[in-house]
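Please examine the sequence and the three-dimensional structure shown below. The briefing that accompanies them is arranged by topic.

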Amino acid sequence: MLKPFTILIFIISILFVSCGGGGSSYTEESPSGCVSSATNFCVKVVSTDSGNKYSIDGTTQKPLTLTAGTEYTFDQTDSTNASHPLALSETANGTHASGTEYTTGVTTTGTAGSTGKTTFTPASNAPTPLYYFCKSHSGMGGTVNISGISSTYSATGAIPEKIEVVESE
């Protein structure tokens, strides 16, 4: 027969372990399931003294540097993104500052706040900087710099159609 004290210790131990206590192996996963990486950005909306802002991988209005030719995903599956669809523009604050949405290489699927994801593959001739912004609210976004873009060469003068080789003695 078990003593009441032993039973009490046994019950407390089960409750302690089942509630996540007693070990350092417990890790909290984002409710959206987003896992940040070099090409996958976990986007959330955070409230600040100056209003709502995008937080990317835990940094508010994080400046990004992307490489031309690489596909990037802005994961907006976190519920804080509801009614905050992300877009890109050549103008800081996008359409809220009379700019237009930049759509080259951009694909958006789902709905921000549930299944929303925006993929972007910057082309080698993409403008830089670009800006990410909220389509619904002003002042939430940040800067996107593109590296690995091709430079434009401008020749001064005409290129000859034929080059003649002259031998010297």
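This is a predicted model: local features need pLDDT of at least 70, side-chain atom pairs count only at pLDDT 80 or more; totals for chains, interfaces and linings use all residues.

Residues are numbered from 1 along each chain as its sequence is written, and side-chain values use heavy atoms, with hydrogens and water left out.

**The chain as a whole**

- The protein chain contains one helix and ten strands; helices (H or I, at least four residues) and strands (E, at least two) are DSSP runs numbered from the N terminus.
- Along the sequence, the pattern is α-β-β-β-β-β-β-β-β-β-β.
- Of the 169 residues in the protein chain, 27% are buried; buried means under 20% relative accessible area, exposed means over 50%, and partly exposed lies in between (1.4 Å probe, protein chains only).
- Contact means heavy atoms within 4.5 Å. Among contacts between residues at least 6 apart in sequence, 62% join residues at least 24 apart.

**Strand β5 and its partners**

- Strand β5 pairs with β1 (residues 40–48) in the parallel sense over three bridges; two strands pair if DSSP finds at least two bridges between them.
- Strand β5 also pairs with β8 (residues 117–120), in the antiparallel sense over four bridges.
- Phe-74 in β5 stands opposite Phe-41, and Phe-74 also stands opposite Thr-118 in β8.
- Both faces of β5 are covered: Tyr-72 and Phe-74 are buried on one side, and Thr-73 and Asp-75 are buried on the other.

**His-84**

- His-84 is found in the loop between β5 (72–75) and β6 (86–89).
- His-84 counts as buried because its relative accessible area is 8%.
- The side chains of His-84 and His-137 make a polar contact (3.1 Å). A polar contact is a pair of N or O atoms within 3.5 Å; within protein, one must be able to donate a hydrogen and the other to accept it, and residues adjacent in sequence count only if both atoms are side-chain atoms.
- Leaving aside neighbours within four places in sequence, the residues in contact with His-84 include Val-45, Asn-52, Tyr-54 and Cys-134.

**Asn-52**

- Asn-52 lies in strand β2 (residues 51–56).
- Asn-52 counts as partly exposed because its relative accessible area is 34%.
- Not counting residues up to four places away in sequence, Asn-52 touches several residues, among them His-84, Gly-139 and Met-140.
- Asn-52 and His-137 are 85 residues apart in sequence and 8.6 Å apart in space, C-alpha to C-alpha.
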